[in-house]
Amino acid sequence: MAGAQSVPVSPVDVATESVTKRFGETPIFADVSFRLARSEAVAIVGANGTGKSTLLRCVMGLIPVTSGRVTLLNQEVTDATEAELRAIRARMGLVSQKHTLVPRLSVLSNVVQGLLGRQPGLRHWSHKLAPAASREAAMEALKKVGLADFALRRADRLSGGQSQRVAIARAIVGHPEVLIADEPCASLDPAAGEEVMELFFDLARQQKVTVVFISHHIDHALKYGDRVLGLADGALKLDATAASLSPSDLRGLYD
């Protein structure tokens, strides 16, 4: 009789173990542990000041944890050297609430800069200097966000929604394995914000990218997250599948 087939287990792309963060004597959160499998999307929610962005920065190795352990893409972040951290971050994409485009440069140049982590140097500061393959990759990313016709427009001539689309193109141009999004639609009006979230997650799922995102929109957390993590009172108070939650479950985190 044939043996039972084993069920494939997805690799864990992001893991925190008992992570605690303090700034001086000020506690931010303590004993935060979670594991995020490949292609999974997790929403981090909670009131202002609960440490959501700080947790993301700890995960990326941008700031050190006070105690605990962070593993990202099977690499230890907590004790990594700066060179090792750069190599890890080169496999990631970041979209923040501020678009952080270079205003005087073209849209295409801003997207080409998304390759700096993998290919550092002056050639990736401008599309005019970039290798043909890099320009082609940037144009392909712009096509995916519907802005190929804007490639040579200066970034400071875009609307807010267009700017965030360019930021998404910059984040995906290097085919990242993990995408981090810190309130990606916070600076947009509701219609543009919904459009950006739909686009962001369509692209992430097409490319089977693991996503960690912060959102103050309860509906977004439940719609786009496979899992929801809730921070409150200096601790991880919620870790549940989005399908098992209702809006009222999340509103309690803001009381």
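# Getting to know this structure

S134 has its place in helix α4, one of the helices and strands numbered from the N terminus as DSSP runs (helices are H or I with at least four residues, strands are E with at least two). The model is predicted, so local features need pLDDT of at least 70 and side-chain atom pairs count only at pLDDT 80 or more, while totals for chains, interfaces and linings use all residues. Residues are numbered from 1 along each chain as its sequence is written, and side-chain values use heavy atoms, with hydrogens and water left out.

- S134 is buried, at a relative accessible area of 4%; buried means under 20%, exposed over 50%, and partly exposed in between, using a 1.4 Å probe and protein chains only.
- Beyond its neighbours within four places in sequence, S134 is in contact (heavy atoms within 4.5 Å) with V112, L115, Q119 and H124.
- One of these contacts, L115, is 19 residues away from S134 along the chain, and the two C-alpha atoms are separated by 7.7 Å.
- L122 sits in the loop between α3 (107-112) and α4 (132-144), and with 66% relative accessibility L122 counts as exposed.

- If neighbours within four places in sequence are set aside, the contacts of I172 are A141, K144, L179, L203 and Q207.
- From I172 to S215 the C-alpha separation is 20 Å, and the two residues are 43 apart along the chain.
- In strand β4 (residues 67-72) you will find T71, another buried residue, with a relative accessible area of 15%.
- T71 touches D13, V14, A15 and E76, again leaving aside neighbours within four places in sequence.

**Helix α1**

- Helix α1 (residues 52-59) is largely enclosed by the rest of the structure, because six of its eight residues are buried.
- The buried residues of α1 are K52, T54, L55, L56, C58 and V59.
- Just past the end of α1 comes G61, which takes a positive phi of about 75°.

**The largest pocket**

- The largest pocket holds about 550 Å³ of space, a volume filled by probe spheres set on grid points joined across faces, edges and corners.
- A pocket is an open set of points on a 1 Å grid over the protein atoms alone, where a 1.4 Å probe fits and protein lies on both sides within 12 Å along at least five of seven lines; lining residues have an atom within 4 Å of a point.
- The lining of the largest pocket is made by 21 residues, and M92, L94, Q113, G114 and R170 lie nearest the centre.
- Two elements, β6 (92-96) and α5 (160-172), each give two or more residues to this lining.
- Strand β6 contributes the most to the lining, with four residues.

**Salt bridges**

- A salt bridge is a side-chain nitrogen of Lys or Arg within 4 Å of a carboxyl oxygen of Asp or Glu, and by this rule the count is 11.
- R91 and E177 join their side chains in a salt bridge of 2.8 Å, N to O.
- R91 belongs to the loop between α2 (82-89) and β6, and E177 to the loop between α5 and β7 (178-182), so their pairing ties together parts 86 residues apart in sequence.
- Both partners are partly exposed: R91 has a relative accessible area of 25%, and E177 has 28% relative accessibility.
- K223 pairs with E194 in a salt bridge, and their closest N and O atoms are 3.3 Å apart.
- This pair ties together parts 29 residues apart in sequence, because K223 is in helix α7 (residues 218-224) and E194 in helix α6 (residues 190-206).
- K223 is partly exposed at 45%, and E194 is also partly exposed, at 29%.
- R227 forms a salt bridge with D239, with 3.0 Å between the closest N and O atoms.
- Here the parts tied together are 12 residues apart in sequence, since R227 lies in strand β9 (residues 227-232) and D239 in strand β10 (residues 235-241).
- R227 is buried at 11% relative accessibility, whereas D239 is partly exposed with a relative accessible area of 40%.
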